[in-house]
Amino acid sequence: MMGLDIAFWVLAIIGIAAALAVVLLRDVFRAALSLILCFLTVAGIYVTLSADFLAAVQVLIYVGAISVLIILAIMLTREVQRGSPSGKLRIPAFVVAILFLGVVSFALINTPWQISQLPPLEPTTAALAVKLFGEGGFILAVEIAAVLLLAAILGAVVLVREK
Amino acid sequence: MAIFNPSFSSVNHYLETLPPDWPGGFWLHWGIFVVIIFAFVMPMIMAFIYFERRGLGRFQVRLGPNRVGPFGILQPVADAIKVLIKEDIVPAKGDKWVHWLAPVVAFVPALMIFAVVPFGDGALLADLNIGILYVVAISSISVVGIFMAGWGSNNKYSLIGAMRTVAQVISYEIPLVLSILGVVLISGSLSMNKIVEAQTIPFILLQPLGFLIYFLAACAEINRTPFDLLEAESEIVAGFHIEYSGMKFALFYLVEYAEVLAISAIITTLFLGGWRGPVLPSFLWFLIKVFGVFFLIFWVRSTIPRLRIDQVMAFAWKCLLPLALLNLLITGIEVIVLPEALPWPIIFLNLAIMAVLVVLWSKFFRLGGGRVEV
């Protein structure tokens with residue numbers, strides 16, 4: 001399991017560094033690129049957890065679609081290089097963020113996580129499909145997510161439509 | 001899986017999935033296939049460049065490159081040497097890091113696609129059970145590289161080119177993936193090798209409409225000529241790579257052809273039966289089919305003029321997307337209702353459906369009609 005440990009630490013360190021860069025970089029375009037790196041390391045961690053389908057979907061959705069849309073939005077804004085100067089709420093925001101980090105870390109460390117002793121499923125796609133669309137699965141949640149996305153699209157269309 | 005995860009359990013699993021007569025263990029297999037992929041991709045790109053330039057010459061009733069070596073066969077080599085010794089120019093006000101990184105970000109995913117392309121039975125770097133999904137996911141990263149090039153150059157034409165790419169790639173990705181789903185439904189697997197094994201008859205006969213949609217959407221994804229708005233010379237000079245020279249420009253040139261090669265290989269694998277074929281050895285069949293698909297791609301390039309941006313977008317959303325959805329619906333019905341039906345009636349039924357749908361859509365759907373709207 002040495003290889004997995006090394007992979008996890010490398011991915012974790014790069015991921016956290018990239019996430020910090022997203023917040024700290026002044027140049028919004030570079031911040032968006034760091035966000036892409038962060039998404040990629042998350043996909044890498046999914047791979048080490050034998051969740052290959054999830055990893056591919058993570059890359060497809062987050063890197064291929066969402067980040068690209070974020071960059072497109074950045075290109076439509078002005079004075080990107082000067083970035084977004086911080087406002088008056090800098091200190092309170094910092095305090096809230098630290099509190100949130102503390103609560104989440106506390107919860108993560110003190111939860112008794114159940115670790116399965118079984119070897120990971122191969123292949124994962126069939127098992128996922130049964131869980132999502134089979135009997136007793138999460139089909140309702142899938143459908144609700146689809147309706148939610150449709151509502152969001154309709155909302156966007158209504159917002160930008162010319163009167 | 002195994003390509004990312006060299007832990008011991010996955011090595012054992014991996015060895016079990018290898019064909020029994022395959023020499024060597026996990027790392028040897030890995031090393032050999034990395035070498036094979038490089039030895040396949042680089043000469044194939046050179047061959048494609050030569051083939052396309054000579055072919056385009058024929059189509060345009062001129063000679064094409066014919067001076068360097070016999071029949072001009074060394075022209076790509078001469079071009080490569082020329083481009084390597086050119087000066088590397090970085091725009092003074094550009095974002096230097098992004099400008100430097102962009103060609104690499106564009107090139108690496110284009111090469112990574114070949115990790116799951118089967119050259120023969122089981123002869124592939126990693127037989128991922130999510131093979132085709134991996135291809136779609138990885139190829140969506142390339143657009144980030146083009147974006148970085150457009151942004152880092154600090155040039156308005158570069159930026160316009162990059163913006164056009166994004167609009168185009170995001171729009172065409174939807175029909176692209178939907179048309180792949182038809183193949184996945186019939187073969188019942190996402191693994192590239194299993195998809196080839198399932199093709200007792202090539203899927204182009206069972207999925208003619210899917211093939212058509214995939215072919216057009218893929219041409220748009222890799223910005224081949226009817227859709228190459230991001231580098232439309234008559235409008236925006238050279239688009240996203242206007243500020244690139246020397247080795248970095250060569251990398252973008254390589255990306256363009258590596259993507260064409262990848263798309264040819266994927267169309268071969270998904271629709272034309274991959275390495276399957278009588279008499280000849282499997283890798284030779286694979287090569288022949290790849291060249292056939294590539295010929296079709298540049299035939300389209302030399303025949304059809306470039307579209308306007310509003311026409312490109314309208315074509316994706318009003319024509320390809322509904323057709324891809326209908327194709328998925330029809331394929332699903334066929335898989336459920338007629339699972340054991342004879343192939344020939346199904347083939348003719350599908351061809352008829354394709355003909356009717358294409359004619360129908362061309363009747364009540366107009367491209368822009370002279371009105372420019374985006």
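Student: How many residues of chain B are in contact with residues of chain A?
Tutor: Happy to start there, with a predicted model in which local features need pLDDT of at least 70, side-chain atom pairs count only at pLDDT 80 or more, and totals for chains, interfaces and linings use all residues. Residues are numbered from 1 along each chain as its sequence is written, with chains lettered from A and ligands numbered from 1 in the order in which they are written. Two residues are in contact if their C-beta atoms, placed from the backbone, lie within 7 Å. On chain A 26 residues take part, and on chain B the number is 26.

Student: Which helix gives the most to the side of chain B that touches chain A?
Tutor: Helices here are DSSP runs (H or I, at least four residues), numbered from the N terminus. Helix 1 (8–17), helix 5, helix 6 and helix 7 of chain B each supply at least two residues. With five residues, the one that gives the most is helix 6 of chain B.

Student: Is helix 6 of chain B largely enclosed or open?
Tutor: A residue is buried if 20 or more other C-beta atoms lie within 10 Å of its own, exposed if 12 or fewer, and partly exposed in between. The cover over its buried residues includes helix 2 (28–48) and helix 3 (52–75) of chain A. In helix 6 (residues 142–152) of chain B, 11 of the 11 residues are buried, so the helix is largely enclosed.

Student: Which residue with positive phi follows helix 6 of chain B?
Tutor: Good one to look up in the model! The phi is near 55°, and the residue is B:N154.
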